[in-house]
Amino acid sequence: MKFCSYDDFLKVEMRIGEVVRAEPFPKARKPAYKLWIDFGEEIGTKKSSAQITHLYSIEELVGKRVVAVVNFPPKQVADFMSEVLVLGVDSTEGGVTLLRADHQAPLGTRVY
């Protein structure tokens, strides 16, 4: 295991957002959705490509709170610019399960 300092951790801005729109992403190499995530007034709405099709439907994603890294450089995924990295972990059921807060927090709240 490689250690990082707390200062290194603080460089990664993980924030709470809410999915406001989700669409299929057939042009992605691996099954994925296009997501639009609202991070509140300060950050606004950002786009993300997320490989979460195994455990989530588009209908259940809208309104769901997620955790995402908002300060990585944008990444081109097929014909879509992914602006934030939605965080998840491999599930024992297969696929990726999203990281999220158990209780409500204001949009844009920083994870620490």
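This is a predicted model: local features need pLDDT of at least 70, side-chain atom pairs count only at pLDDT 80 or more; totals for chains, interfaces and linings use all residues.
**Overall layout**

I found two helices and nine strands in the protein. Reading along the sequence, I noted the pattern α-β-β-β-α-β-β-β-β-β-β. The radius of gyration is 14 Å, close to the 13 Å from the globule rule for 112 residues, so the protein is as compact as a globular protein of that length. I also boxed the C-alpha atoms along the principal axes and got roughly 40 × 35 × 30 Å.

**Surface**

I looked up the accessible surface, which is about 7400 Å², with 53% of it belonging to carbon and sulfur atoms. Of the 112 residues, 35% count as buried. I then turned to a nonpolar surface patch of about 420 Å², made by Tyr 6, Leu 10 and Tyr 112. Leu 10 sits in helix 1, residues 6-11, and is partly exposed at a relative accessible area of 36%.

**Two residues I stopped at**

Is Ser 91 buried or exposed? I have it as buried, because its relative accessibility is 19% and the cut-off for buried is under 20%. Ser 91 lies in the loop between strand 8 (88-90) and strand 9. Setting aside neighbours within four places in sequence, I see Ser 91 in contact with Leu 55 and Thr 97.

Ala 101 is in the segment after strand 9 (96-98), and I noted it as partly exposed, at 31% relative accessibility.

Note on methods. Residues are numbered from 1 along each chain as its sequence is written. Side-chain values use heavy atoms; hydrogens and water are left out. Patches are made of residues with over 30% relative accessible area and no salt bridge: like charges are joined within 9 Å, nonpolar side chains (Val, Leu, Ile, Met, Phe, Trp, Tyr) within 5 Å. Accessible areas come from the Shrake-Rupley method with a 1.4 Å probe; for residues, only the protein chains shown count as cover. A salt bridge is a side-chain nitrogen of Lys or Arg within 4 Å of a carboxyl oxygen of Asp or Glu. Helices (H or I, at least four residues) and strands (E, at least two) are DSSP runs, numbered from the N terminus. Buried means under 20% relative accessible area, exposed over 50%, partly exposed in between (1.4 Å probe, protein chains only). Contact means heavy atoms within 4.5 Å. The radius of gyration is taken over C-alpha atoms; the globule rule is 2.2 Å times the number of residues to the power 0.38.
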